[in-house]
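Please keep the sequence and the coordinates at hand while reading.

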Amino acid sequence: MHELAVTESLLKTATEYALENDAKKVTSLNLLIGTLSGIVDDSVQFYWDMISADTICSYAKLNIERQPAKFKCQSCQTEYALDGELSPCPNCGSVNIRVIAGDEFLLQSIEIEK
Amino acid sequence: MSTEKVQIVEKILDANDQMAEENQQAFDKNHTLAINIMASPGAGKTSLILRTIEGLAKEYQIAVIEGDTAPVTIDADKVHALGIPVTQINTGGDCHLDALMVRKGMQALDLNEVDLVIIENVGNLVCPAAFKLGSHLNMVIASIPEGDDKPYKYPNIYRGIQCLVLNKTDLKPYVDFNFEYFEKGIQILNPGVEIIQLSSKTGDGLDTWLNWLRAQINAKKHATQ
């Protein structure tokens, strides 16, 4: 829903790093997005094509790696992947659990031409 | 021409997070407690804000930052009518407040005199969760008619909060709402979070909320830097 704001932030960050590194052009961006972040890849791509046009990032490819959500039970330390609806610990039934992966929303690297 | 890979590893919303941190420092400097209220449209954000002002305005200086997607001042007018400083932020269609918008709201208020800033986020259970504002406390108001499955459908909004108010408890006799199922979802997402049931309309449970908030404001007022 808020992919435009997010994509604008992405463009700003990528542009800053590109200029710092004397790039002529950014050819690709490597992103890590957790499944809990609520970000829809297609929407990011849609806005990206629109707002990156005529910038140093124009036509840069977005490579999006998805990080699945993972929980860890605080009672019995079992780690499990979130598959579908929120669920208590499959081992001991505790609801005292923590998210240990799936929140990521990172620009990991960019590839540039000099 | 050569190509190279530049390592970055930066949170995409890092700029917002940094600004949020600066906002919080500005609140701290004035010993002002800031609370960000999130909820779906119609859950009762504005009415709980009004009840809160009525309950606490004699003890504390309160100010309100109102976020709305459309240029309307319906909510701000109600707060203003109680004699409370209020600043209205129109997000211009955006589905959430962000740290920059809140900063603009802060600039319109004299924080020096204020004990509590209430930030009313845009009515939405998705986007506000992703944008830190610099508030010390984040809360969600859920309400009985929305249904008991919301924690399962909109998990992110319940995760970074310190308080969950379940509003409109006066409607329990008329609506199928399984509190145990609702609470289990909240506990999975946010173990131990404060859950307060109340009705802004009847006032039932309101004292529990006001006492919880009093304790938070007092802690901030007397906090050492």
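A:M50 lies in helix 2 (residues 41-51) of chain A. Helices (H or I, at least four residues) and strands (E, at least two) are DSSP runs, numbered from the N terminus. A:M50 has 10 C-beta neighbours inside 10 Å and therefore counts as exposed; a residue is buried with 20 or more other C-beta atoms within 10 Å of its own, exposed with 12 or fewer, and partly exposed in between, the C-beta atoms being placed from the backbone. Between the C-alpha atoms of A:M50 and A:G34, which are 16 residues apart along the chain, the separation is 24 Å. The model is a predicted one, in which local features need pLDDT of at least 70 and side-chain atom pairs count only at pLDDT 80 or more, while totals for chains, interfaces and linings use all residues. Residues are numbered from 1 along each chain as its sequence is written, and chains are lettered from A and ligands numbered from 1 in the order in which they are written.

Helix 2 of chain A packs with helix 1 of chain A at an angle of about 55 degrees, the axes being 9 Å apart. Axes are lines fitted to C-alpha atoms, for helices over the stretch in contact, and angles run from 0 to 180 degrees between N-to-C directions. Helix 1 of chain A is therefore oblique to helix 2 of chain A; angles under 35 degrees count as roughly parallel, over 145 as roughly antiparallel, 65 to 115 as roughly perpendicular and the rest as oblique. On the side of helix 1 of chain A, the contact is made by A:E3, A:L4, A:V6, A:T7, A:E8 and A:L11, and on the side of helix 2 of chain A by A:S43, A:V44, A:Y47, A:W48 and A:I51. Residues are in contact if their C-beta atoms, placed from the backbone, lie within 7 Å.

What joins the two chains? In the interface, 29 residues of chain A are in contact with 30 residues of chain B. Strand 6 of chain A gives the largest share of the side of chain A that touches chain B, with nine residues. Strand 6 of chain A pairs with strand 1 (residues 3-11) of chain B in the antiparallel sense over seven bridges, where two strands pair if DSSP finds at least two bridges between them. A:I110 stands opposite B:V6 in strand 1 of chain B.

Chain B also holds an open sheet of seven strands in the order 4-3-5-2-6-7-8, with parallel pairing. Its edge strands, strand 4 (86-90) and strand 8 (194-197) of chain B, each pair on one side only. Within chain B, strand 2 (residues 33-39) and strand 5 (residues 116-120) pair in the parallel sense over five bridges, and B:N36 stands opposite B:I119 in strand 5 of chain B. Helix 2 of chain B packs on the sheet, and its direction makes about 165 degrees with that of strand 5 of chain B.

Helix 2 (residues 45-56) of chain B also meets helix 7 (residues 206-221) of chain B: their axes come within 11 Å and cross at roughly 70 degrees. The two helices of chain B, helix 2 and helix 7, are therefore roughly perpendicular to each other. In this contact, B:R51, B:T52, B:G55 and B:L56 of helix 2 of chain B meet B:L206, B:L210 and B:L213 of helix 7 of chain B.

Terms used
Contact = placed C-beta atoms within 7 Å.
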